[in-house]
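The tour goes from one selection to the next.

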Amino acid sequence: MLPTTVSDVQETFGSAKNLNAALKNFIKRESRSGDQVVSFAKDFRTAVTTGKAATINAFIEKNYPRKEVYFLGVARYAFPELVESCVGRIIDQYAESFNQTYERLEQGIAIKDAKSFASIVREVHQMVKGDIQAAELPVNGFLENSLLSSVFEIDVLTEVMKELSRA
């Protein structure tokens, strides 16, 4: 994943218009994922309902990065318009050509066209950053990671992150 600080996570969630509603949706849609997800979301929601930034920030500080995957999931619900529009544009523009740059093997992902793979990854990353900026949200590794993890399946995301670390 792209480098992220606790401050990035705090800044991102501080920009959410209705974090309480995002957490309700997260619980409703992700509760099938297990008790840990629900417990995390309910604890986060308890912090949010206090209405105090210090309480929310303390919750984040206590739980990040240990529960990073949950925070990334909540971010998708906190910024649904951004996720929907950005991910949709990326899929429309790049899915077909990107899928031709790699193949899935038993042992993982094999890059077939490294040059095209790298080029598309860089373009997608620029789109993500541009869409975040256009939405007047904090452009940081955390929100970028949330969007990138919404676009790419985990095995492909691993290769995408390797490529971005080389850039």
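The bend at a residue is the angle between two axes, one fitted to the seven residues ending there and one to the seven starting there. The model is a predicted one.

Select helix 6, residues 80-99, and centre the view on Gln 93, where the helix has a kink of about 45°. Then look at the ends: this helix has 20 residues, yet its end C-alpha atoms are only 25 Å apart, short of the 28 Å that a straight helix would reach at 1.5 Å a residue.

Show side chains next. Leu 82, Val 83, Cys 86, Val 87, Ile 90, Tyr 94 and Phe 98 are the buried residues of helix 6. Their cover includes helix 5, strand 1 (102-105), helix 7 (114-134), helix 8 (141-151) and helix 9 (154-166).

Move to helix 3, residues 35-49. Its 15 residues should span 21 Å at 1.5 Å a residue, and the end C-alpha atoms are 21 Å apart, so expectation and model agree. Buried here are Val 37, Val 38, Phe 40, Ala 41, Phe 44, Ala 47 and Val 48. Helix 1 (6-14), helix 2 (19-30), helix 4 (53-63) and helix 5 (68-78) are what they pack against. Just past the end of helix 3, pick Gly 51, which has a positive phi of about 75°.

Which residues have the most contacts inside the largest nonpolar core? Select Phe 13, Leu 19, Phe 44, Phe 71, Phe 98, Leu 148 and Phe 152; the core has 55 residues.

Finish on Phe 71. Leaving aside residues up to four places away in sequence, Phe 71 touches Val 9, Phe 13, Phe 40, Phe 44, Phe 59, Ile 60, Asn 63, Tyr 64 and Phe 142.

Methods. Residues are numbered from 1 along each chain as its sequence is written. This is a predicted model: local features need pLDDT of at least 70, side-chain atom pairs count only at pLDDT 80 or more; totals for chains, interfaces and linings use all residues. Side-chain values use heavy atoms; hydrogens and water are left out. Helices (H or I, at least four residues) and strands (E, at least two) are DSSP runs, numbered from the N terminus. The expected span of a helix is 1.5 Å times one less than its number of residues. Buried means under 20% relative accessible area, exposed over 50%, partly exposed in between (1.4 Å probe, protein chains only). Contact means heavy atoms within 4.5 Å. A nonpolar core is a set of buried Ala, Val, Leu, Ile, Met, Phe, Trp, Tyr and Cys residues joined through side-chain atoms within 4.5 Å.
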